Amino acid sequence: MTKALLISSSALGDASVSNRITAELVAELRRLEPGLQLTARDVGAQPLPQLAPERMGAFAGHAETPPAAETASLSEAVIAEVKDADLLIIGSPMYNFGITSTLKTWFDHLLRAGLTFRYTADGSEGLVTGKRAIVVEARGGHYTDGPAAASDHQEPHLKTLLAFIGITDVTFVRAEKLAISPEEKAASIEAALHEARDVAARFVKVAG
Ligand SMILES: Cc1cc2nc3c(=O)[nH]c(=O)nc-3n(C[C@H](O)[C@H](O)[C@H](O)COP(=O)(O)O)c2cc1C
């Protein structure tokens, strides 16, 4: 039985394209594997507090103040949720060529030396192994190829962050050209929904 963790990071709630596509992905996974266990955290709707001076004791072993204690407990919860999952599903809108600040803050709580990665004499080593990830990206423009490809700081960043903690089996589903025209948007969403269902089927086949 697959344990999936869904991380959503759109500020648009029900109007979000990435939320719509991750919902379809989860629905298809559930259809194919009714026993699927899902944990969901929506950092777009309920952002984690950004790291700030009064919170940093959480990462240095002295979380005496309420803000530091809160960050320590949120970080522990974020890490436990990821470690407990077999499959990580991330909904990632592109904001200003990268991931949203809310998703970045979630990673700030997740990437912790000694817990999710460690430094060795040969460099860093991810400690969150044996997991797969599916990332749904939503973008107004077109970055898969062409002149804007070099401005895609979303997908390479996500690959690096996930690989750093040991998650290298990552599938990306892209909904692009969402801001070009209503027709392009509708076609792109349809194609991404289709792809999400295919990705779900491939995941269940490999997992089974
Ligand atoms: C604050 C903000 C910044 C954005 N920056 C970009 C951008 O740099 N490039 C782009 O292609 N689209 C950009 N967009 C468009 C979003 O990527 C697009 O609306 C997408 O659908 C957002 O995902 P969501 O619908 O899941 O929230 C931006 C949207 C917002 C609200």
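Start by selecting glutamate 176. Leaving aside neighbours within four places in sequence, glutamate 176 is in contact with Arg139, Gly141, His142, Tyr143, Thr144 and Ser188, where contact means heavy atoms within 4.5 Å. Glutamate 176 is found in the loop between strand 7 (169–175) and helix 5 (182–207). Helices (H or I, at least four residues) and strands (E, at least two) are DSSP runs, numbered from the N terminus. At 8% relative accessibility, glutamate 176 counts as buried; buried means under 20% relative accessible area, exposed over 50%, and partly exposed in between (1.4 Å probe, protein chains only). Now show side chains: that of glutamate 176 makes a polar contact with the side chain of threonine 144, at 2.4 Å. A polar contact is a pair of N or O atoms within 3.5 Å; within protein, one must be able to donate a hydrogen and the other to accept it, and residues adjacent in sequence count only if both atoms are side-chain atoms.

A word on what you are looking at: this is a predicted model, in which local features need pLDDT of at least 70 and side-chain atom pairs count only at pLDDT 80 or more, while totals for chains, interfaces and linings use all residues. Residues are numbered from 1 along each chain as its sequence is written, and side-chain values use heavy atoms, with hydrogens and water left out.

**Next stop: the ligand**

Select the ligand and the residues around it. Which residues come nearest to the ligand? Of the 16 around it, they are Ser10, Ser16, Ser18, Met94 and Gly141; a residue is near a molecule if one of its heavy atoms lies within 4 Å of it. Colour this shell by residue type and you will find nine nonpolar, six polar and one charged. Here Ala, Val, Leu, Ile, Met, Phe, Trp, Tyr, Cys and Pro count as nonpolar, Asp, Glu, Lys and Arg as charged, and the others, Gly among them, as polar.

A backbone N or O atom of phenylalanine 97 lies 2.9 Å from an oxygen atom of the ligand. For glycine 140, a polar backbone atom is 3.1 Å from a ligand oxygen, and for alanine 138 a backbone N or O atom is 3.3 Å from one. The protein covers 73% of the 620 Å² of accessible area that the ligand has on its own, by the Shrake-Rupley method with a 1.4 Å probe.

Phenylalanine 97 is partly exposed, with a relative accessible area of 41%. Its phi is positive, about 75 degrees, although it is not a glycine. Asparagine 96 lies in that loop between strand 3 and helix 3 too, and its phi is also positive, near 50 degrees. Most residues other than glycine have a negative phi. Is asparagine 96 buried or exposed? Asparagine 96 is exposed, with a relative accessible area of 74%.

Follow the chain into helix 3 (101–110). Seven of its ten residues are buried: Thr102, Leu103, Thr105, Trp106, Phe107, His109 and Leu110. Their cover includes strand 1, strand 2 (37–42), helix 2, strand 3 and helix 4.

Select Leu88, Ile90, Trp106 and Phe107 together: of the 25 residues in the largest nonpolar core, these touch the most other members. A nonpolar core is a set of buried Ala, Val, Leu, Ile, Met, Phe, Trp, Tyr and Cys residues joined through side-chain atoms within 4.5 Å. Zoom in on leucine 88, which touches Leu5, Ile7, Trp106, Arg132, Ala133, Ile134, Leu162 and Ile167, not counting residues up to four places away in sequence. Apart from this core lies another, of 24 residues, among them Val26, Ile134, Val173 and Ile189.

Click on alanine 4, placed in strand 1 and buried at 3% relative accessibility. Beyond its neighbours within four places in sequence, alanine 4 is in contact with Leu36, Gln37, Leu38, Thr39, Ala85, Leu87 and Ile89.

Finish at glycine 57, in the loop between strand 2 and helix 2. Glycine 57 is buried, with a relative accessible area of 9%. Its contacts, leaving aside neighbours within four places in sequence, are His62, Ala63 and Ala68.
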